[in-house]
Amino acid sequence: MEIRLIDTICISTYEDKSRGDVKMLKVPDGALQVQGKGWLVVDDLVDTGETLKAARALLPDAYFTTVYGKPDGLPLVDTYVHRVEQDCWVVFPWDVPADDN
């Protein structure tokens, strides 16, 4: 794939475990100049699509993919791996407290 550069885009919609306004916390270097052309954006989950809408506005020419996709957010991604129902709560390993034993 000859990928030479990996960066992150950081967007938050939660404050104190409740949904809030979309906040752009970090923008990848060079993103605005190319509008995402030639970029691949990978996310773990698209739910309502609010954060993805913000990412698409910043990187309109990027290719967006996600591991899990819920119906409300699927129109915003180019591809996904698993479709899950809108009311399904996906628990990721990093969301589970570590076992102290």
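Helices and strands are DSSP runs, numbered from the N terminus; the model shown in these close-up views is predicted.

**View 1. Nonpolar surface patch made by Met 1, Ile 3 and Ile 6.** The patch covers about 440 Å². Ile 6 is located in the segment before strand E1 (10-15). Its relative accessibility is 75%, so Ile 6 counts as exposed.

**View 2. The largest nonpolar core, with 12 residues in all.** Among them are Ala 31, Val 41, Leu 59, Phe 64 and Val 77. Strand E3 (40-46) and helix H2 (50-58) are the elements that give two or more residues to this core, and H2 provides the largest share, three residues. Not counting residues up to four places away in sequence, Leu 59 touches Ile 9, Ala 31, Gln 35, Gly 36, Val 41 and Phe 64.

**View 3. Buried residues of helix H2.** These are Leu 52, Ala 54, Ala 55 and Leu 58. Seen down the helix axis, they fall within an arc of 155 degrees and so line one face of H2.

**View 4. Salt bridge between Asp 7 and Lys 26.** The N to O distance is 2.6 Å. Asp 7 lies in the segment before E1 and Lys 26 in strand E2 (residues 18-26), so the pair ties together parts 19 residues apart in sequence. Asp 7 is partly exposed at 33% relative accessibility, and Lys 26 is partly exposed at 32%.

**View 5. Salt bridge between Asp 47 and Lys 70.** The closest N and O atoms are 3.3 Å apart. Asp 47 lies in the loop between E3 and H2, and Lys 70 in the loop between strand E4 (63-69) and strand E5 (79-83). Lys 70 counts as buried, at 3% relative accessibility.

Methods. Residues numbered from 1 in each chain as written. Predicted model: local features only at pLDDT ≥ 70, side-chain atom pairs only at ≥ 80, totals over all residues. Heavy atoms only, no water. Patch = residues over 30% accessible without salt bridge, like charges linked within 9 Å, V, L, I, M, F, W, Y side chains within 5 Å. Areas by Shrake-Rupley, 256 points an atom, 1.4 Å probe, with all protein chains shown as cover. Salt bridge = Lys/Arg side-chain N within 4 Å of Asp/Glu carboxyl O. Helix = DSSP H or I, 4+ residues; strand = E, 2+ residues; numbered from the N terminus. Buried < 20%, exposed > 50% of the residue type's maximum accessible area, 1.4 Å probe, protein only. Core = buried A, V, L, I, M, F, W, Y, C linked by side-chain atoms within 4.5 Å. Contact = heavy atoms within 4.5 Å. Arc of directions from axis to C-beta.
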